[in-house]
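Please read these notes with the structure open beside you.

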Amino acid sequence: MSAPPARKLQLGRVGETVQRVDAIPKVTGEFAFSSDLFAAGMLWGHTVRSPHAHARIVSIDISQAVPMPGVQAVLTHEDVPGAKHYGLEFPDQPVLAIDRVRYFGEPVALVAAEHPEQARRAASRIAVEYEPLEPIVDAERALAQEELHPNRPTSGHGYREDPRPNVVRTMVVRHGDPDAEGDVSVSGVYELGIQDQAFLGPESGLAIPDGEGGIDIYVATQWLHVDRDQVAPCLDLEPERVRIHLAGVGGAFGGREDLSMQIHGAMLALRTNRPVKIVYNRQESFVGHIHRHPARIWAEHRADRDGKLKCVRMRILLDGGAYASSSTAVTSNAASFACGPYAVENALLESTCVYTNNPPCGAMRGFGAVQTCFAGEAQMDKLAAALGVDPVELRLRNALAPGDTLPTGQKLTGSLPVAEVIRRCAAIPVPEPDGLPRDAIRLPGGSGNVTRGEGVRRGVGFAVGFKNIGYSEGFDDYTAARVRLFTDRSGGLVAEVHCAAAEVGQGVSNVLVQVARTELDIVDDVLLAPHTTATVDSAGSASASRMTWMSSGAVRLACAAVREELDRRGGSLDPGEEIDIERIYRHPRTTPLDPETGQVTGERAHVAFACAAMRVVAEVDTELGLVRVAWIGTAQDVGKALNPQAVHGQIEGGTAQGVGLALMEEIQTEDGLITNASFTDYLIPTALDMPRVVAELVEDAEPDAPYGVKGVGEPPTVVSTAAVVAALRAATGRELARVPVRPEHLAGL
Amino acid sequence: MRIELDVNGEQLEADVWAGESLLYVLRERLGLPGSKNACEQGECGSCSVLLDGELVCACLVLAAQAEGHEVVTVEGLAGAEGLHPVQAAFARAGAVQCGFCTPGLVVTTAHLLERNPDPSEDEIREALSGNLCRCTGYAKIFDAVKLAAGT
């Protein structure tokens, strides 16, 4: 047993800003992302994809591709060794299309060759004969059109029965008297386009056969174990013969919850008995993952003369695209958070997601709450205008507080400091407008703006939003962590942390290490083992703002057990002796929502909640329709900031994604075909588009969470789209009921 | 075909197919995967390298065009004495999240500070506007540029 080594343990505990454990390899270029992997004898895989949004496959002829130079394998659905379908929650998606394609870009065949260009050329020789079918591309019309999935994969899972064709899920929340009237009523119809996660590191991975029929897959993903559990049945292998290892992840934001190359790479590798690498290009990435659901929302808000909300009625229609992915949970979230973080006595909230032949949609940062926050906050501003009340004051009058009841009947037992985030945000001083004339880089549109700013108008918008933390509605969610304690050569005590928590850039690796350093203050060093299914049980998904909470809970439990065992052994380890303990952490249990009423069937349907308020100053050039987001201030409920610098980074980055949805980001389709699958045509905010974000952290400890922590990644994305568009409305006086707002919606006042 | 080029101060040779980009050859033939491929059409800056001291997207340069020229990639920035000041600043300022854009931004920033040792925030934004980052919202990247400029 060594003496307490002050040097290392003064640094890196919970609550301190600690440099990322992967920062140095990332700045030097040494960090291996999934697209950087290499293995001796490696082949390159390529995926043949459907050029149609909806078609019957008449025939697939691979005979011209097989003899092409360098080609080692050409595979179709006939070569899938096991189950022909998979899915994140419902196995409704073919590994390779069988007799029908349901979206543009759906995988149909695979090629492996010595060089990626050889693989591409061979792929172009695969002759697929299609009989095009009429694509279902309108979410409303889909409810009366032919069933895309006649076997209704999502029915029989305890959801509300909805006999209309193509329903993925319908959720209805009835709260109080849904017909309750108010003194004032405002209404509107809102729409959001399809947003893409647009992570910079495209889908990629390397599959390596183990020589005994099993496979190791190194891939960028968000949940290693759920990948394994989908891959193994399709390969007809026992789960333990499929080992998924986390390769460097170039961003995720929900877009890596579903599988991409995992089964395909493994099929090619097992067939050729050689390692196979698959890397999507940007165009392919746009069809290689699910997107944020586009939505149409009809909303009516009724309030009394004092501005107290009396009743909220909202109908939400989500386009889920061709396959279910996580649409059922998004549907539920949209309804659960439709009223915003406000106390509402009466509500009728109906949320429906449909199958269409549009691009498949699923998880993206904010997960259903983004869509309804955009509509709900526009409604709150309309209500404030109708009542002649200050918009911030109106929000304060209705702010939810602990002890209040949500529209689902769930009582708020934990932390949710809505009024405080509103007050703290509203108190951040807004800067004076930049004078004119000024450098064009600070005009709307930047240096492309050739005016002197004569048409510039300024507007200030405010919005508040909230969403859940963790998986909901009875999902048995847990995270495992394993801690191994041993002595190194110099006699120092070392803790090695094993946890399959996916490091997607959010900084969970630091969380794991900082928690271990905090809980095991006796050790000289903490090491982080590779994230893999091979050595530890599931960590669950790096999504739903859950991973910091869950993984810190698990590591803390494992550390406590290790510490207890060490004490039992007298407080020290001999050379060669070790303690190795795995522990599972669970958050408080949730139960399903009643399928008829949308009311809780137990104490809670959602684990916990987090909220944020944001004020945005925007300038609009009303001649040109161009926008400059000049300033953003926000206050966010974070529970406890485990690594404050990383928390600020999450808030700034999450805000930028909401700015993108407000102003520029939309996947455009024509009859289901994506027409802008590139960074030339799908724009994301650049260094010229994003102002700095003045962020206040509100640390109101969550009683059920380790250290009082809350997830921080999603609230900024939930609230920022609504706040930006509120500022544009203030600048222009226009309704702006659709995002992204386009120049033609702003020009010509 | 065989080409010769100077990469990070080393004379290297590679057997390439005529259609291969400098990015592909760096990553797949010369074992230098630090430069990233995120769009392959010059929109995102993830593959930024210096070609005879000028900032280029390696995805838009054919490897054959680089024959006989000097290429500096992110792997070539750190010296014997340790990290390049820009690299150290990115790590310290929290400018790195997923890190996929980081090599390109580090090279672009090094190029900026070479030309303009004390850039204003507007000049930083302009210089970095060809490098997309999806994680950070850029604020901590601006902090890193200023930190590096002061060192």
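The points below go from the cysteines to the fold, surface and charges of chain B.

1. The model is a predicted one. Keep this in mind when reading the values that follow.

2. How many disulfides are there over all chains? The count is 0. Cys425(A) is in no disulfide, as the nearest cysteine sulfur belongs to Cys611(A) and is 11 Å away. Cys425(A) counts as buried because its relative accessibility is 0%, and the cut-off for buried is under 20%.

3. Cys44(B) has its closest cysteine sulfur in Cys39(B), at 3.8 Å. A disulfide needs the two sulfur atoms within 2.5 Å, so the sulfur of Cys44(B) is too far away for a bond. With a relative accessible area of 3%, Cys44(B) is also buried.

4. Chain B contains 5 helices and 5 strands. Read from the N terminus, the order is β-β-α-β-β-β-α-α-α-α.

5. For 151 residues, a compact globule would have a radius of gyration near 15 Å, and the 15 Å of chain B agrees with that. Its C-alpha atoms fill a box of roughly 45 × 30 × 25 Å along the principal axes.

6. In chain B, 58% of the 151 residues count as buried. Taking contacts between residues at least 6 apart in sequence, 54% join residues at least 24 apart.

7. The chain carries 10 positive and 22 negative side chains. The centres of these two sets lie 10 Å apart.

Technical notes: Residues are numbered from 1 along each chain as its sequence is written. Chains are lettered from A and ligands numbered from 1 in the order in which they are written. This is a predicted model: local features need pLDDT of at least 70, side-chain atom pairs count only at pLDDT 80 or more; totals for chains, interfaces and linings use all residues. Side-chain values use heavy atoms; hydrogens and water are left out. Buried means under 20% relative accessible area, exposed over 50%, partly exposed in between (1.4 Å probe, protein chains only). Helices (H or I, at least four residues) and strands (E, at least two) are DSSP runs, numbered from the N terminus. The radius of gyration is taken over C-alpha atoms; the globule rule is 2.2 Å times the number of residues to the power 0.38. Contact means heavy atoms within 4.5 Å. Lys and Arg count as positive and Asp and Glu as negative; His and the chain ends are not counted. The place of a charge is taken as NZ of Lys, CZ of Arg, CG of Asp or CD of Glu.
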